[in-house]
There are 2 protein chains.
Amino acid sequence: MTEPASLPVVHTVADLRAVVRDWKRQGLTVGMVPTMGALHEGHLTLVREAGRRADRVVASNFVNPTQFAANEDLGRYPRRQEEDARLLAGAGCHLMFAPTPEEMYPQGFATSVAVAGPALGLEGDFRPQMFGGVALVVTKLFNQVQPDVAVFGEKDYQQLMVIRRFVRDLDLPVEIIGAPTQRDETGLALSSRNDYLSDAELAVARRLNVILAEAAAGAAAGRPLPGVERDAYSAILKAGFERIDYVAVRHAEDLSPFRDGVVDAPARILAAAWLGKTRLIDNRAV
Amino acid sequence: MTEPASLPVVHTVADLRAVVRDWKRQGLTVGMVPTMGALHEGHLTLVREAGRRADRVVASNFVNPTQFAANEDLGRYPRRQEEDARLLAGAGCHLMFAPTPEEMYPQGFATSVAVAGPALGLEGDFRPQMFGGVALVVTKLFNQVQPDVAVFGEKDYQQLMVIRRFVRDLDLPVEIIGAPTQRDETGLALSSRNDYLSDAELAVARRLNVILAEAAAGAAAGRPLPGVERDAYSAILKAGFERIDYVAVRHAEDLSPFRDGVVDAPARILAAAWLGKTRLIDNRAV
């Protein structure tokens with residue numbers, strides 16, 4: 001196996017646009033994968049998917065401060081851009097865009113984007129800053145890159161629904177592709193935050209997806225949702241998680257609750273739970 | 001003089017994009033003039049300016065509900081699209097985009113845009129919904145049309161500064177051009193809302209620009225701003241306006257106040273005042 005060629009990296013919007021403009025002049029289509037770095041196989045799957053759908057692939061690598069609250073893990077979020085660039089090159093990426101916070105949010109910055117609908121509840125209850133921050137940075141990234149298509153993981157399922165919503169609402173001319181969550185051999189959803197876990201915590205973390213799959217099967221079989229959610233809640237605590245932010249079955253697209261308490265339309269089960277200082281999320285189709 | 005050919009009009013984003021895509025395939029550049037219709041010579045000047053800067057010109061014609069508060073004049077705002085289309089054709093416009101409110105804000109719409117900085121104070125104090133509504137609709141229009149350049153009048157000076165701000169902040173790939181306010185032979189700024197005025201009110205309205213010009217000259221000569229603003233306030237009331245929302249000298253770009261109370265950098269005087277049920281605005285360079 002040969003070493004992949006080193007990946008071109010740009011740090012400014014001007015340099016980014018010069019590269020993309022050149023591609024577009026050649027009639028090439030552009031795919032994009034926004035990331036916060038600390039890349040794992042899950043991200044690389046998104047890059048490969050973008051490569052199947054477009055001639056050139058840009059990955060952004062930016063730990064976006066506007067989507068973290070003051071008490072969250074912005075400071076300790078893993079950063080390793082050289083390793084990231086090596087992995088991206090191996091997955092067929094053509095350009096990494098790694099701006100500074102000052103390039104993205106210069107002095108005098110005054111604009112914000114807010115999303116209701118699918119952003120309400122679940123993550124929105126526990127991380128009230130997050131989806132506004134995501135909507136702002138993704139809107140900027142799309143306007144900077146002007147991709148034909150962008151790929152996001154279903155791991156952040158609510159985020160994917162929020163992105164579909166504001167892309168439609170703002171008429172952003174980009175096609176949004178959702179790619180299935182990548183999991184390890186035990187079913188644990190790949191996440192940069194798994195890096196924080198001890199071996200003992202990892203063993204607990206691996207139970208989450210199993211519990212959600214069982215709950216999803218129950219919901220799909222017509223079991224009343226309050227019972228399904230209550231049982232999943234107990235099972236997650238019993239598995240060794242210390243605290244649960246939510247575990248809920250919702251409509252698959254707008255993430256609204258099922259009023260009649262049973263699943264009668266496409267649905268998703270979603271959960272967020274804590275192991276020590278680490279907050280993990282996962283979700284499954286019902 | 002020959003009658004201008006009738007103007008193509010589209011009502012959906014899909015039809016709009018089909019026309020623009022065809023132009024771009026031919027390598028033509030696109031200029032845009034967003035309007036709320038009820039067109040007058042001021043708008044036509046913007047269309048001609050767009051025509052000097054781009055190969056094709058799109059004018060949108062949409063009375064945007066999200067920038068009106070419940071108590072404002074959304075319902076009685078003048079609407080006359082056939083006449084507008086005729087005027088646009090004569091000014092060299094190539095396409096009018098006249099969407100319905102449902103096309104712009106379909107069921108489930110959930111996204112909003114907010115701007116601080118130049119949107120704070122002045123109009124922002126009296127029409128708190130307006131600039132968020134403007135930012136949302138202009139962001140949508142730019143993403144729908146994807147123009148190379150867009151032209152706005154200095155008549156809505158604060159709006160122009162707000163648009164420059166969020167276009168920069170969201171990295172919207174469009175050049176913003178400000179065009180000087182068009183005035184009648186007495187100096188009255190052309191405005192669709194002038195239609196509401198009786199002859200007696202028109203005579204009063206014509207005093208506003210004269211008073212602002214005198215105040216601007218005083219501020220430019222180094223007169224302390226509290227005195228300049230107080231005298232202008234009195235003069236506007238004495239001219240026959242019934243109520244004043246604001247009359248203020250501000251920094252020309254971010255519209256922040258001059259802390260030392262004298263003009264020592266590029267500045268603008270801006271005012272909003274009422275004649276009966278009609279609210280007029282105007283501004284002048286200092």
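**Exercise 1. Describe how helix α6 and helix α7 of chain B pack in this predicted model.**

Step 1. Locate the helices: α6 of chain B covers residues 130–145, and α7 of chain B covers residues 157–169.

Step 2. Take the geometry of the pair. The two axes come within 10 Å and cross at roughly 55 degrees.

Step 3. Classify the angle. Angles under 35 degrees count as roughly parallel and those from 65 to 115 as roughly perpendicular; α6(B) and α7(B) are therefore oblique to each other.

Step 4. Assign the hand: the crossing of α6(B) past α7(B) is right-handed.

Step 5. List the residues in contact. From α6(B) come B:Phe131, B:Val134, B:Ala135, B:Val138, B:Thr139 and B:Phe142. From α7(B) come B:Gln158, B:Gln159, B:Val162, B:Ile163, B:Phe166 and B:Val167.

Step 6. Sort these residues by class. The contact of α6(B) with α7(B) holds 9 nonpolar and 3 polar residues, with no charged ones.

**Exercise 2. Describe the packing of helix α1 of chain B against α6(B).**

Step 1. Helix α1 of chain B spans residues 13–25. Its axis lies 9 Å from that of α6(B), at an angle of about 50 degrees.

Step 2. α1(B) and α6(B) are therefore oblique to each other.

Step 3. On the α1(B) side the residues are B:Val13, B:Leu16, B:Arg17 and B:Val20. They meet B:Asn143, B:Gln144 and B:Val145 of α6(B).

Step 4. The classes in the contact of α1(B) with α6(B) are 4 nonpolar, 2 polar and 1 charged.

**Exercise 3. Describe the crossing of α6 and α7 in chain A.**

Step 1. In chain A, α6 takes residues 130–145 and α7 takes residues 157–169. Their axes come within 10 Å and cross at roughly 55 degrees.

Step 2. That angle makes α6(A) oblique to α7(A).

Step 3. α6(A) passes α7(A) with a right-handed crossing.

Step 4. Contact residues of α6(A) include A:Phe131 and A:Phe142, and those of α7(A) include A:Ile163 and A:Phe166.

Step 5. By class, the contact of α6(A) with α7(A) has 9 nonpolar, 3 polar and no charged residues.

**Exercise 4. Which domains are assigned in chain A, and how many residues does each give to their contact?**

Step 1. The domain assignment of chain A places domain 1 at 9–179 and domain 2 at 192–285.

Step 2. Taken over C-alpha atoms, the centres of domain 1 and domain 2 of chain A are 26 Å apart.

Step 3. Domain 1 of chain A gives 23 residues to the contact, and domain 2 of chain A gives 20 residues.

Terms used. Residues are numbered from 1 along each chain as its sequence is written. Chains are lettered from A and ligands numbered from 1 in the order in which they are written. This is a predicted model: local features need pLDDT of at least 70, side-chain atom pairs count only at pLDDT 80 or more; totals for chains, interfaces and linings use all residues. Side-chain values use heavy atoms; hydrogens and water are left out. Axes are lines fitted to C-alpha atoms, for helices over the stretch in contact, and angles run from 0 to 180 degrees between N-to-C directions. Helices (H or I, at least four residues) and strands (E, at least two) are DSSP runs, numbered from the N terminus. Angles under 35 degrees count as roughly parallel, over 145 as roughly antiparallel, 65 to 115 as roughly perpendicular and the rest as oblique. A crossing is left-handed if the near helix is turned anticlockwise from the far one by less than a right angle, and right-handed if clockwise. Contact means heavy atoms within 4.5 Å. Ala, Val, Leu, Ile, Met, Phe, Trp, Tyr, Cys and Pro count as nonpolar, Asp, Glu, Lys and Arg as charged, and the others, Gly among them, as polar. Domain bounds come from an automatic or database domain assignment.
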